[in-house]
Each structure stands twice: as structure tokens, then as C-alpha cells.
Amino acid sequence: MAKRTERQSPAPHIADNHDLIRVHGARVNNLKDVSIEIPKRRLTVFTGVSGSGKSSLVFNTIAAESQRLINETYSSFVQGFMPTLARPEVDVLDGLTTAIIVDQQRMGADPRSTVGTATDANAMLRILFSRLGKPHIGSPSAYAFNVASVRASGAITVERGAKRTVKATFNRTGGMCPRCEGRGAVSDIDLTQLYDDSKSIAEGAFTIPGWKSDSWWTVRTYAESGFLDPNKPIAQFTRKEMRDFLHHEPIKVKVEGVNLTYEGLIPKIQKSFLSKDREAMQPHIREFVDRAVTFTTCPDCAGTRLSEAARSSKIKRKSIADACAMEIRDLAEWVRGLREPPVAPLLTALQDTLDSFVEIGLGYLSLDRSSGTLSGGEAQRVKMIRHLGSSLTDVTYVFDEPTVGLHPHDIQRMNDLLLRLRNKGNTVLVVEHKPETIAIADHVVDLGPGAGTAGGTVCFEGTVEGLRVAGTITGRHFDDRATLKETVRKPTGALEIRGATTHNLRDVDVDVPLGVLTVVTGVAGSGKSSLVHGSIPAGEDVVSIDQGAIRGSRRSNPATYTGLLDPIRKAFAKANGVKPALFSANSEGACPNCNGAGVIYTDLAMMAGVATVCEECEGKRFQASVLEYHLGGRDISEVLAMSVTEAEEFFGAGEAHTPAAHRVLDRLADVGLGYLSLGQPLTTLSGGERQRLKLATHMAGKGGVYVLDEPTTGLHLADVEQLLGLLDRLVDSGKSVIVVEHHQAVMAHADWIIDLGPGAGHDGGQIVFEGTPADLVAARSTLTGEHLAEYVGT
């Protein structure tokens, strides 16, 4: 029998030495040679003021390099179909693991994309109904609103040995409603907004933006197609001419020797305007579409998107349309009640997915909810669904402010999910501002000390306890708590909302006070946005600033987005006696070598493209002759390189004094963007910076009511104080400010609070409190009241 001998534990295995992600010399965007070591299989929170470099380090350096290395493992053929990623500017990146990014990018606004299709829950439901639905109507595609029914028959040629022709038929049953084509809504075009039927085409009957009487691709195609008489008033067209004018299918025609495509006006308008994202349109085009097109629920499918056959097949008296319309928590209970051994594995998988929705706080959604209507925070949590039950371990999960859009009541639940991912052996990296989430971190990295060029360095690395006493901006503000105001403003009037029933609202009547700071709050899904945006539409007197993403290319910058560049160009033109177009890098003044981009982009197919600084303009974007014109001793490229603070001083007095430019710069400084350079590409701005840039732009509006949707998104603890000062200045200038918000500091600072609830979805939609913050804290009658009382320490 072998004897057991006592001996020392063996030395650690060499494979266990790789417990750190090492970053050395990171220089992406504003990072200044950052070098840090991040522990693996731990929860690390990155914090710092907005614009300090958190996203540049986490997303644009660590996660980007991980994804690039993974893409390189695929064949060249596959890489040709994937996005090409350049290597980040960093000397050493060591110890990386597979990165899964869960960001706040809004989900696609495609009209056929829903919560169900985005999470594969719909796919499982379709299989379930194809197995158990009565009557049986076909395969899973028969229940899919993205699949049209197809029938075909005819002769086909088979090339196998001797060629032979055989008869064949083909059938595919889809679930798409034929009338709305799976969109759930039909568009009705007001023809009076497209043309003046008292005029002929030759007389300029079209009233569509951009359709000039001599334009080749539109008006002349109609006038010279041969289908219509261009000199006859449209009102006098025959029935055939009207059909050809409005509905003709695309056909090639020759106009003055040039081949052009002629098609009816209605399909042309649908392709030109209705197929595009409304928010991406220019303001005058958007105004035309809003005027000319009305969307109504499809009368054939009642908005369910599904064909009559798909709606007729049922399980326990419920069709797939009924199942998708249910709140997910109710659907989870319905699925749990199904006892069908033949599909037991499918029911288990579907049950797990639906339970994940409930667990993550999205049980109030329905699977037929359009994914484009989800907020940034909801979209991020929907993306988390597929990772919660994942069998993968030793993965790096990267989150961008996962608490956005969450009531304090829900933040603890999100914290538990982050810890659960870590406890499975994963590395969790979180960019976050909320102290409740920073407090659960194993490791904290604080970037700063300031924003933009004043940031980009690591101010602190260590534990949460160490951060509290570190003396950094985050450390000093970590335990900040707003206090209730001793006196609140008196309203000057009220905005009456009566019988509001949008989404889950239950016939809500409420008076929103005017002339004060009003905060609308409640748990996620309680009906806040439905009440505010559904009942207070943006109009002449209402300026509404939502969470929609800023759209802009790498040519767009704060100067172009805010309209600041127009008065600057005019000032340069006036001072030098030349055209304003010379001072635009997108127009006549652009460097001919790089077309005003400042860099030359070289596409290397499946390899990452290379951007090199233009040798001719040295990255200044303008022709050399344009840079000879000066205003106040500076050329246009030097002005665009200025920070907002510098430019504010430059255009405020002296030779360069330009009041119109100074007003825009004042608003940018007001929202805390004084450090941004005027020519910095919008694509390099953080989420918080973009939100405040949008706020600064809308502050120029003449409306008396400002509606803000979670303006603290992306704001550091220290920046919230500045935002409160801005809101106060707006109210003191005579504006009414209505804020949809979860942040307790904003609630405490309000003059009036409207609290919705008591729960989410069908458990919400009611006003559970109206009054001052002090009354809410004293009553503690709602979830918001309890958390606000805890926050202010009463």
C-alpha cells in the first residue's frame, strides 16, 4: 500500500500567470499614453467626467482590438463580408479575451424589427405554433410576418446529362399580411400635397421639395415620357392617364437620347421618402412627409402584421398574434402552463428567454413592440438577454452605462446581473457614473482629470474605498447628495392633459404646472414617456429633446451641427471680400487632394483601411489660398481648432466680434462643452457630449416649454450640478421645463413632481403622486418616495 507523504503545494501553473489585461501606451482620441493593468474575472468600473476618455479606453481600444483579432481568425473570403477594423493606437495590448460589447446603440428602426425578432423569441414561438397550432397551416414560416406567401408554376430546364424541360410548381406559405406587407400600418398619401391639379406638368404642377420644373430625373421624365400630355392640367387627365401618372410600374423611357426610368408618382414617392428613416431627413423634407403622409393601423390585420391564416391557428384559444401582444411576464406564465412532452425542450428554451426579460426588468414589454421605439437603456438590456443564459465563460463583457433609464428601484437588480456574469468566471468592464454601481466594483479606474484635451490620463486605480479618499473629482463627489429646496417656485399656469391613453396609460388626467421645473418620474415602463411625448407634442411653443442619436459623418462637427459655422463663414467672407463658400471644407474651399476630409482613406479590401494625413493641406482640410484669408489674425483652420472657451473669447470682442457666433458658443459653454474643439468630428464624441450638444442646439428655440428626456444620461456626478444650474436659468428666464428623469438629484431640485406607477406595463399607467419633492419624501407612499427619502437622508 502506497504511503502518503507530506509535501508543499506545487508552484502555480504557468498558465495561471495571465490574470491581467495589460494596456500600455494607449493614444486613441484624447488618451495620453495610458498604461493600466485590469484584473481578469473581476468587475471593473471605469469612471470620470464626460469626455475624459472612458469610452476611448474601453470600447475603442480594448474591445476594438479584441474584435479585430477575432476577425483575423476567419478566412480572407469571410473577412471580405465583415467590417474592417483598424488596429487602435496603442503600443501593447496583452491578455485579451473574447469581447462581447453590450452598448446603448439604438436598435434598427426597420418597421419589421420587433423585440421578438431581435431576441429570437419570435423564432421559438413560430416553431411552437407550427407544432401545436390548430388548425395546422404549415411550417414556422407560415407564422412569420416577414415572409410573404409565394405560388409559382411553369416549365423549368434541368441540365443533367441531356437537357430536358419539366413542369414544376412551387408553394411557400408565409405569415405576412399582404396589405401592409408585415409593417402593421399602411400609409395614405395626400395627393393635394404632391401637385396642384389646376396646373399642367409644364407649368410646374409639382409641389414636392427638390422637384424643379427643369430637373432631369423627375419632372422631365414625366413631361417627356410619352404617357402624359405635359401641357394638359392634371385635373383634366383621362382615367388611363391618371393611372399611368400615379401607379405605372417602372419602365425604361428615352428622354432626349438618355435612358431614364419612368414610374408612377406614388411608388416613386414611397421609394424616395417613405423608405428612409424619418429622423435622418433634412427638416424641410421631414416637414413635407409629415404633411403629405398619414400612417394608420392596417385594417386587414389590425396592426398584428400577420395574415388571416396565421391568426386563425391557435393554442389554448390564443393565436401567435395574441401571444406577441401580451406583456412578456404574462406570456411567460402562459408558456409555463403548457404541458406538451413532444416539444418540452423548446418550451424550456422559450421559458428561459422570457424569464430573462422579467429578471432584467423588461417584463412590461411585448414581443410585438417595434425595436426602434426602445430607449437606449431598454435596447441595451434587450441585448443582454442572449448573454444571461450563455454557457461561455472567461469572456470579457463590456457595458456602456447599463443603469441608463433605470429607476433607483431597478438599479439593484442590474447590479445583481453584472455580479452574476462575473461569478461565472467572466471579466466585466463597465463604463458608469452612478455611485450605486461603482460601489459594487472589485476594481475602479478613474480617468480625467478633466474632459477633452484636459483628460485622457488615469487619475486613480484601485478599490472603491481608495477612490473615496483619492481626491479625484469622482472621489470628491462620490458621496454627494442633493438637498431638498427650502422654497419652490409658484406655477404661472398649467398644461392640462385629459384622458391620456397612449400605450399603458389608464385614462390619465393631470395638470402639468408651467413656469416651474417639473420632473416626471416612475419605474421603467410606468408610462412616463407615453404621458409626456404622447400628450405634449413638439410644436411652435414646445421644444422636445429626446434620446435619439445624433446623426453625423466624420465630416460633421460641433460647428456644423449647431449652425455655428454659418456666421463664422460670413464673418470671414465680409472681412476679406470673398464668397462664404470658400470657408467650407465641404464646398469650394475644400482641399482638392482630400476633398476637405483632412485625411486620405485607402481601402484595403478585407484588411483594415488606412487613414493618412493629407500631404497637401497637412490635415487642415482647406486649400492653401483659403488659408491666406484671416479674421482677427487667425485663418479658418485655426478657428476650427479652437476650443469653445477660446472661441467664445475670440468672437466676443475685437476685430472678430460676431454676435451670432458668440450666442451659439455661449450655449455650448452653458451645457458644459467648453473644452470641445469646434472642428472635432461628431463620431469622436461620447454619449453624454452628444446629448448636451443637442440640448445646446435646441436652446436656441423660441418655445416656452422645454421637454427633456433623461438629460443626466452620460453625465458625471460633478456635471449634474452644472445641469441643474442650466435648468434653473431656463426656468428663471421664463421657460417651463418638463424633465422625464430617474436621477434623485434632479428630483430633489424640482419644484413639482409627477410620479407614475405603481409598477410597469399593465401595473403602471396611473398617477400615484403629485406634489413637491418635500411632500413626496414626507409621504414615502411610492417607490420613488422611499428612494428619494433615502437619498436625501431623511
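Entry 1: I began with an open sheet of six strands, whose order reads 5-14-15-3-16-17 with mixed pairing. A reminder to myself: this is a predicted model. Next I looked at the edges, where I found strand 5 (99-102) and strand 17 (457-462). Each of these has a single partner strand, so one side of each is left without a neighbour in the sheet.

Entry 2: How do strand 3 and strand 16 run? I see that strand 3 (residues 43-47) and strand 16 (residues 443-448) are parallel, and four bridges join them. I looked up T47 too, and its bridge partner in strand 16 is D446.

**Entry 3: helices on the sheet.** Helix 1 (residues 54-71) packs on the sheet and touches strand 3, strand 5, strand 14 (396-400), strand 15 (427-431) and strand 16. I noted its direction at about 130 degrees to that of strand 5. Helix 14 (residues 408-423) lies across strand 3, strand 14 and strand 15, and I have it running at about 150 degrees to strand 15.

**Entry 4: nonpolar cores.** Which residues have the most contacts inside the largest nonpolar core? My list is I568, I636, F651, L678 and V737, in a core of 71 residues. Helix 25 (residues 717-732) gives the largest share of this core, seven residues. I then followed I568: leaving aside residues up to four places away in sequence, I568 touches I636, V639, F651, A661 and L678. Apart from this core I found another, of 68 residues, including L132, L306, F357 and A441.

Technical notes:
Residues numbered from 1 in each chain as written. Predicted model: local features only at pLDDT ≥ 70, side-chain atom pairs only at ≥ 80, totals over all residues. Heavy atoms only, no water. Pairing = 2+ DSSP bridges. Helix = DSSP H or I, 4+ residues; strand = E, 2+ residues; numbered from the N terminus. Contact = heavy atoms within 4.5 Å. Axes fitted to C-alpha atoms, helices over the stretch in contact; angles between N-to-C directions. Core = buried A, V, L, I, M, F, W, Y, C linked by side-chain atoms within 4.5 Å. Buried < 20%, exposed > 50% of the residue type's maximum accessible area, 1.4 Å probe, protein only.
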